[in-house]
Amino acid sequence: MGKFIIKSISTGFIFDLKAINGQIIATGGEVYNSLASVKTGIASVAKNAPLADVEDQTITAASEKTNPKFEIYKDKVGEFRFRLKSSNGQIIAVSEGYVKKDSCKNGIESVKRNAVNAPVIEPI
């Protein structure tokens, strides 16, 4: 089981979702201004990730999925990334860059598995 790690930064709070091996598999989609709001963001990831379909925006004939969804896209340097959108269309989690699309898809599956019952670790 993974875990959500909340970090306090100078402008608010952010979170990472870490897999059981300690690797970051997703990061929150924004900086939150309170501990309560970052926890709400985490709850949204835990709720939406297992329900989300995958929309591959790197192929021409990609069919548009309804929210919640994971979107696979290519960044400016040509790496594959995903973003998780909640049911209202807001980006609630993003990934690192992956060289291979299959690795990006594995990252999505890892988020789906790890987010559901992941404990939340607050800053000390």
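A residue is called buried when its relative accessible area is under 20%, exposed when that area is over 50%, and partly exposed in between, as judged with a 1.4 Å probe and protein chains only. By this scale L35, with 27% relative accessibility, counts as partly exposed. The structure is a predicted model, in which local features need pLDDT of at least 70 and side-chain atom pairs count only at pLDDT 80 or more, while totals for chains, interfaces and linings use all residues. Residues are numbered from 1 along each chain as its sequence is written, and side-chain values use heavy atoms, with hydrogens and water left out.

The protein chain contains two helices and eight strands; helices (H or I, at least four residues) and strands (E, at least two) are DSSP runs numbered from the N terminus. Read from the N terminus, the order of elements is β-β-β-α-β-β-β-β-α-β. The radius of gyration is 14 Å, close to the 14 Å that the globule rule gives for 124 residues, so the chain is as compact as a globular protein of that length. This radius is taken over C-alpha atoms, and the rule is 2.2 Å times the number of residues to the power 0.38. Along its principal axes, the C-alpha trace spans about 45 × 30 × 25 Å.

Buried residues make up 41% of the 124 residues. Of the contacts with a separation of 6 or more, 42% are between residues 24 or more positions apart, a contact being heavy atoms within 4.5 Å.

The interior is considered next. In soluble globular proteins, nonpolar side chains tend to be buried together. A nonpolar core is a set of buried Ala, Val, Leu, Ile, Met, Phe, Trp, Tyr and Cys residues joined through side-chain atoms within 4.5 Å. The largest such core here has 27 residues, and those with the most contacts inside it are F4, L17, V45, F70, L84 and V111. Elements giving two or more residues to this core include strand 1 (3-9), strand 2 (12-18), helix 1 (35-48) and helix 2 (101-115). Helix 2 supplies the largest share, four residues. Beyond residues up to four places away in sequence, V111 touches L17, I25, A26, A49, F70 and F82.

C104 is found in helix 2. At 0% relative accessibility, C104 counts as buried. Not counting residues up to four places away in sequence, C104 touches I72, F80, R81, F82 and Y98. The C-alpha atoms of C104 and F82 are separated by 6.9 Å, although these residues are 22 apart along the chain.

Leaving aside neighbours within four places in sequence, L35 is in contact with I6, F13, E122 and P123. L35 and I6 are 29 residues apart in sequence and 8.5 Å apart in space, C-alpha to C-alpha.

V31 lies in the loop between strand 3 and helix 1 and is partly exposed, with a relative accessible area of 43%. With neighbours within four places in sequence left aside, the contacts of V31 are I9, T11, G12, F13 and I14. From C-alpha to C-alpha, V31 and I14 are 5.3 Å apart in space and 17 residues apart in sequence.

Another loop, between strand 4 (53-56) and strand 5, holds P68. Most peptide bonds are trans. The bond that joins N67 and P68 is cis, with omega about 5°.
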